[in-house]
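Please read it alongside the sequence and the coordinates shown here.

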Amino acid sequence: MTTPQPQAAHPAAPQTAPQAPPHAAPGYWPGTAPAGGAPGPSGYVSPIPVRKATLMDAVAAEWTKIRSVRSTVWTLGVMVAIVVGIGLLIAMAVNGAGSTMNGTTPLAAGFFSLMLGMICVITLGVLTISTEYGTGLIRTTLTACPDRVRVLAAKAIVFFALSFAVTLVSTVVVGMADVALLDDQTEFAAGGSEWLKCTVGTSLFVGLLGLVSLGVGTLLRHSAGAITVMLGVVLLPLVIGMFMFTESLMKVRQALFEYSIPMMLSVFYGASGDDASLSGWDPLWVMAIAAAVALGGAFAALLKRDA
């Protein structure tokens with residue numbers, strides 16, 4: 001019996017680099033290189049440049065989300081209809097009745113329509129964040145952008161800019177209509193400072209109020225609950241103050257009336273009295289502090305809680 005002889009090992013074949021697809025761009029696959037250049041690194045190299053994500057990237061993503069959902073179109077559309085439609089109706093009613101608006105400018109007729117329209121901004125501010133919690137999209141958002149501070153900051157920037165722009169356009173349209181219809185029925189003409197407060201001032205105020213809603217929506221993570229809380233913040237001080245009749249509660253009643261959202265909004269339309277502590281642009285600073293507190297709590301909660 002013969003013992004099988006071990007076969008000589010064949011020399012290993014030299015390994016070859018992966019070949020590029022037939023139509024691949026030169027320089028992106030191993031073994032290929034541009035003319036006169038060195039071969040590329042091992043593996044596929046994307047032609048898309050890779051860079052560190054920034055706040056503006058998050059802003060672009062949030063802008064895509066907020067403009068692509070139907071709730072934004074419907075909510076802001078209803079707001080424009082309320083502010084412009086009711087404002088025109090009030091101006092036409094006052095003009096048809098022939099009554100005189102004593103002590104105010106023609107722009108004051110737009111106060112009631114804006115007070116109703118800002119409820120739409122409150123609603124949209126809550127939905128901007130609470131909808132993602134309701135659908136579970138917040139997990140995808142935080143996976144794509146793990147920096148939670150950047151996510152909430154981008155939402156705040158996009159929402160504030162959008163609500164400010166829509167409110168500004170609506171108030172300018174209503175103001176022009178009010179001046180055209182009621183200019184001869186008021187004691188004071190609308191000057192530059194009145195125009196600035198009734199358009200830019202009110203738009204900033206409503207936008208900051210929307211940021212408070214965004215903060216409350218982040219804290220509660222529930223659409224109906226957060227909207228209910230915000231409606232209570234807007235209306236409850238007036239309702240409580242109406243039932244404070246005793247002399248010992250007069251100061252509390254005055255503070256509730258003066259610092260309620262509708263009364264602070266009316267300051268921009270020249271409704272503050274001589275003994276009132278808020279006048280001019282003061283309500284804007286009060287609302288800015290409230291927005292900073294609400295967003296500060298929202299940032300803290302978003303960093304500590306799980307999605």
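Glu62 counts as buried, because its relative accessibility is 7% and buried means under 20% relative accessible area, with exposed set at over 50% and partly exposed in between (1.4 Å probe, protein chains only). This is a predicted model, in which local features need pLDDT of at least 70 and side-chain atom pairs count only at pLDDT 80 or more, while totals for chains, interfaces and linings use all residues. Residues are numbered from 1 along each chain as its sequence is written, and side-chain values use heavy atoms, with hydrogens and water left out.

**Surroundings of Glu62**

- Glu62 lies in helix α1, residues 55-68, where helices (H or I, at least four residues) and strands (E, at least two) are DSSP runs numbered from the N terminus.
- When neighbours within four places in sequence are set aside, Glu62 is in contact with Glu132, Thr141, Val151, Ala154, Lys155 and Val158, contact being heavy atoms within 4.5 Å.

**Aromatic pairs**

- Searching the whole structure gives five aromatic pairs; rings of Phe, Tyr and Trp (its six-membered ring) pair if their centres lie within 6.5 Å, and planes under 30 degrees apart count as stacked, over 60 as edge-to-face and the rest as tilted.
- One of them is the edge-to-face pair of Phe111 and Tyr269, at 5.8 Å centre to centre and with 65 degrees between the planes.
- This pair links distant parts of the chain, since Phe111 is in helix α3 (residues 111-135) and Tyr269 is in the loop between α9 (261-267) and α10 (282-304), 158 residues apart.
- Phe111 is buried at a relative accessible area of 12%, and Tyr269 is likewise buried, at 9%.
- The rings of Phe160 and Phe164 are stacked, because their centres are 6.3 Å apart and their planes stand at 15 degrees.
- Both Phe160 and Phe164 belong to helix α5 (residues 148-182), where they are four residues apart, about one turn of the helix.
- Phe160 is partly exposed, with a relative accessible area of 23%, and Phe164 is partly exposed with 21%.
- Ring pairs also join Phe111, Phe112 and Tyr269 into a cluster.

**Nonpolar surface patch**

- Leu235, Leu236, Val239, Ile240, Met242, Phe243 and Phe245 make a nonpolar surface patch of about 730 Å².
- Patches are made of residues with over 30% relative accessible area and no salt bridge, with like charges joined within 9 Å and nonpolar side chains (Val, Leu, Ile, Met, Phe, Trp, Tyr) within 5 Å.
- Leu236 is found in helix α7, residues 223-242, and is partly exposed, with a relative accessible area of 45%.

Notes
Areas by Shrake-Rupley, 256 points an atom, 1.4 Å probe, with all protein chains shown as cover. Salt bridge = Lys/Arg side-chain N within 4 Å of Asp/Glu carboxyl O.
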